[in-house]
Amino acid sequence: MRAFHMNLLNYNANTMFPLNGNQTPKHTRIQDELNNYRNNVMGQQNNVDVAGFTEVFVATGANPNNVINALGNLGDALGIPRVGGNHQIAVVRCGFTALQPNGNEVVAIVLNGNAIIANYYIAAYCPPQAVQPGWHETTIVAAQAGYTSHLVQEPYMVADYRYIVGVEFSLGGTNYDIAFIHNRQPGAEQGTVMMGQIRNYLGQATNANMLLGGDFNLDPLCQNANPCSSGAGANARWYYSNGATTAADNPRDWWISANQFLNGQQPAQCNVTPTMPNPNTTGTGTDHRGIGITIN
């Protein structure tokens, strides 16, 4: 099973490649890099099974057909299988931020059409000063038509925080829980508070095949090893990082799992899209590499 994440840098899913319209240069540039990844990193005989895209925006009034067309095209570039001509696609609001307060920042998920979905979900840690502090989880039932849109601003959400969005599914008789995050908390909370909470959250996972990937906006506790373990006791977690992933040459995109991942065997391999983003051209693409991981 192969999973993939990429931060798409302020990507409006309603306008990037509308149905019966033309691709924008930004969409084309991202699509080309995903094709490059599949052909030259994975090998075209392989395919991704689930992709999560962050820094994506879907306004409440967006045309679902435009969103499906754009995200489905990116899924095709990764070789994500369709069934009956369709992927399974979800756009789930992951918080609300100053970046685009009225644009509904979402995590967009494109899933293998053969997968059997249990549910999508939001997992949110709110700080002690929040009106509703602590962990909250919202379960989202997958739409039968294959396109699930959940743009609700949940009452526990705190401004300028972004939360985990995941999907629980089975594929080939195996259950998976694959989640994504565009990590954002004010100030030092991003590393000192939130990452501790994320590690604890993963440690309580009931599905041994749970992975969290994303743009964490901070470096992993260890780098350039696959996998690399860090911490001790209850906070020991496994990090999968291939080093620098941003135009600023920082390792901000990576995967993390709990110790119980695949019964402690950690038989996963991670990789990145081939091209390091050029800081002078990110306006027509993205400022992040994509990250992939293969579970044997």
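Asn66 lies in helix 2 of a predicted model, in which local features need pLDDT of at least 70, side-chain atom pairs count only at pLDDT 80 or more, and totals for chains, interfaces and linings use all residues. Residues are numbered from 1 along each chain as its sequence is written, and side-chain values use heavy atoms, with hydrogens and water left out. Helices (H or I, at least four residues) and strands (E, at least two) are DSSP runs, numbered from the N terminus.

Asn66 counts as buried because its relative accessibility is 12%. Buried means under 20% relative accessible area, exposed means over 50%, and partly exposed lies in between (1.4 Å probe, protein chains only). The side chain of Asn66 makes a polar contact of 3.2 Å with that of Asn14. A polar contact is a pair of N or O atoms within 3.5 Å; within protein, one must be able to donate a hydrogen and the other to accept it, and residues adjacent in sequence count only if both atoms are side-chain atoms. Contact in general means heavy atoms within 4.5 Å. Leaving out residues up to four places away in sequence, Asn66 touches Ala13, Asn14, Phe17, Pro18 and Leu19.

Asn14 is also touched by Ala62, as is Val67, again not counting residues up to four places away. Ala62 lies in the loop between strand 2 and helix 2. Its relative accessibility is 15%, so Ala62 counts as buried. Ala62 and Asn12 are 50 residues apart in sequence, yet their C-alpha atoms are 9.5 Å apart in space.

Helix 2 itself covers residues 64-77. The expected span of a helix is 1.5 Å times one less than its number of residues. For the 14 residues of helix 2 this should give 20 Å, and the end C-alpha atoms are 20 Å apart, which agrees. Asn63 caps the N-terminal end of helix 2: one of its side-chain oxygens lies 2.8 Å from the backbone nitrogen of Asn65. Just after helix 2, Gly79 takes a positive phi of about 75 degrees. The buried residues of helix 2 are Asn66, Val67, Ala70, Leu71, Gly72, Asn73, Leu74, Gly75 and Ala77. They pack against strand 1 (2-12), helix 1 (25-42), strand 2 (50-57), strand 3 (88-93), strand 5 (105-111) and strand 8 (147-150).

The whole structure holds 8 aromatic pairs. Rings of Phe, Tyr and Trp (its six-membered ring) pair if their centres lie within 6.5 Å; planes under 30 degrees apart count as stacked, over 60 as edge-to-face and the rest as tilted. Phe4 and Tyr37 form a tilted pair, with 5.1 Å centre to centre and 50 degrees between the planes. This pair links distant parts of the chain, since Phe4 is in strand 1 and Tyr37 is in helix 1, 33 residues apart. Both Phe4 and Tyr37 are buried. Together with Phe53 they form one aromatic cluster.

In soluble globular proteins, nonpolar side chains tend to be buried together. A nonpolar core is a set of buried Ala, Val, Leu, Ile, Met, Phe, Trp, Tyr and Cys residues joined through side-chain atoms within 4.5 Å. The largest such core has 39 residues, of which Met1, Val50, Phe169, Ile178 and Trp255 touch the most other members. Strand 6 (116-126) and strand 10 (164-171) are among the strands that each supply at least two residues of this core. Strand 6 gives the most, with 5 residues. A second, separate core of 31 residues includes Leu34, Phe53, Ile80 and Val91. Beyond its neighbours within four places in sequence, Phe169 is in contact with residues including Met1, Val50, Leu111 and Ile178.

Strand 11 is mostly covered, with 7 of its 9 residues buried. Two strands pair if DSSP finds at least two bridges between them. Strand 10 and strand 11 pair in the antiparallel sense over 7 bridges. Gly166 stands opposite Ala179 in strand 11. The two strands form a hairpin with 2 residues between them, and Gly172 in the turn has a positive phi of about 60 degrees. Strand 11 also pairs with strand 12 (residues 210-215), in the parallel sense over 6 bridges. Here Asp177 stands opposite Met210 in strand 12.
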